[in-house]
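Here is a short report to read alongside the structure.

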Amino acid sequence: MRRRTRRSYNSYGTRAPRKIWKILLGILVVIVLFAGWGAWKVFTPYQPDETAAAALAEIADTVKISEQEHWISFEPAKRSGSGVILYPGALVKPESYAPLARRLAEKGHHVIIGKMPLNLALISPDLANEVLKTYPKETFVIGGHSLGGVMAARYAAAHPDQVKGVFFLASYPDNKGNLKDRHLPVISLLGSDDGVIQMKNVETGRTYLPANTLYFTVEGGNHAQFGSYGAQKGDNPAKISAVEQWNQTVTALQDWMKESVDSAPKNQ
């Protein structure tokens, strides 16, 4: 019988496994690269557009804009009514809400836009605590856009004595943000052409809102134009300009605060 040489043994016993390991390593590299690409796609935030950048850069005597570690402040020279704490939508940079915040500040409202870790309000729903500690002599309503509104409602539900009202921009509360018995004024704004929000979630969310909630439809508005970061995946094109959507939003919020928030009894 012919004896197998050392060389032929190595060829039979080790080269095949080495080849398999190389293939497996290659597959692993492909998986890691694909996962990294997927994570980059998922967690890349929407960036503020030129209009938002201009709203931040413009210098005016009526509004002082300052940037802190955890928020951006739009402070009016002359205050009129409650301040506003705004939680951004998921994966939207806080600067994207500068046009809306500036317009509210020009009406006399001190506006705070939260900076969320990884641009997700889900990670820091209690950010409002820091704001309230920093401005103890001021009163605030709290709300947010999309996921930011969900998290703002959770904060308000857990701290009903800390805020004076809750607002939703293309958003709704979930069970953890149940406001039905919290005795807080609430307003919900929704664009008529919103292509992102799930209406079944909106309907479910209404069961967690008080009976006197004010519902306002921005006719021709969509999901993304509450901010200023361009088109959002899945959204419908708006039938009105972003400026018109911001102006309608500001008017609705200001009227709501004047009639339901600032005129409400202090211990309501």
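## A glutamate and its partner

Glu-75 has a relative accessible area of 22%, so the residue counts as partly exposed. Keep in mind as you look that this is a predicted model. Glu-75 pairs with Arg-79 in a salt bridge, and their closest N and O atoms lie 2.7 Å apart. Arg-79 is partly exposed too, with 39% relative accessibility.

## A link across the sequence

Arg-79 also meets the side chain of Glu-138 in a salt bridge, with 3.1 Å from N to O. Where do these two residues sit? Arg-79 is in the loop between strand 2 (71–76) and strand 3 (83–87), while Glu-138 is in the loop between helix 5 (128–134) and strand 5 (140–145), so the pair ties together parts that are 59 residues apart in sequence.

## A pair within one helix

Now turn to helix 7 (residues 199–206), where Arg-206 and Glu-203 are 3 residues apart, a separation of about one helical turn. These two form a salt bridge, the closest N and O atoms being 3.8 Å apart. Arg-206 is partly exposed at 33% relative accessibility, and Glu-203 is partly exposed at 42%.

## The chain as a whole

The protein chain has 8 helices and 8 strands. Of its 268 residues, 44% are buried. Among contacts between residues at least 6 apart in sequence, 71% join residues at least 24 apart. The chain exposes about 15000 Å², with carbon and sulfur atoms supplying 55% of that area.

Terms used:
Residues numbered from 1 in each chain as written. Predicted model: local features only at pLDDT ≥ 70, side-chain atom pairs only at ≥ 80, totals over all residues. Heavy atoms only, no water. Helix = DSSP H or I, 4+ residues; strand = E, 2+ residues; numbered from the N terminus. Buried < 20%, exposed > 50% of the residue type's maximum accessible area, 1.4 Å probe, protein only. Contact = heavy atoms within 4.5 Å. Areas by Shrake-Rupley, 256 points an atom, 1.4 Å probe, with all protein chains shown as cover. Salt bridge = Lys/Arg side-chain N within 4 Å of Asp/Glu carboxyl O.
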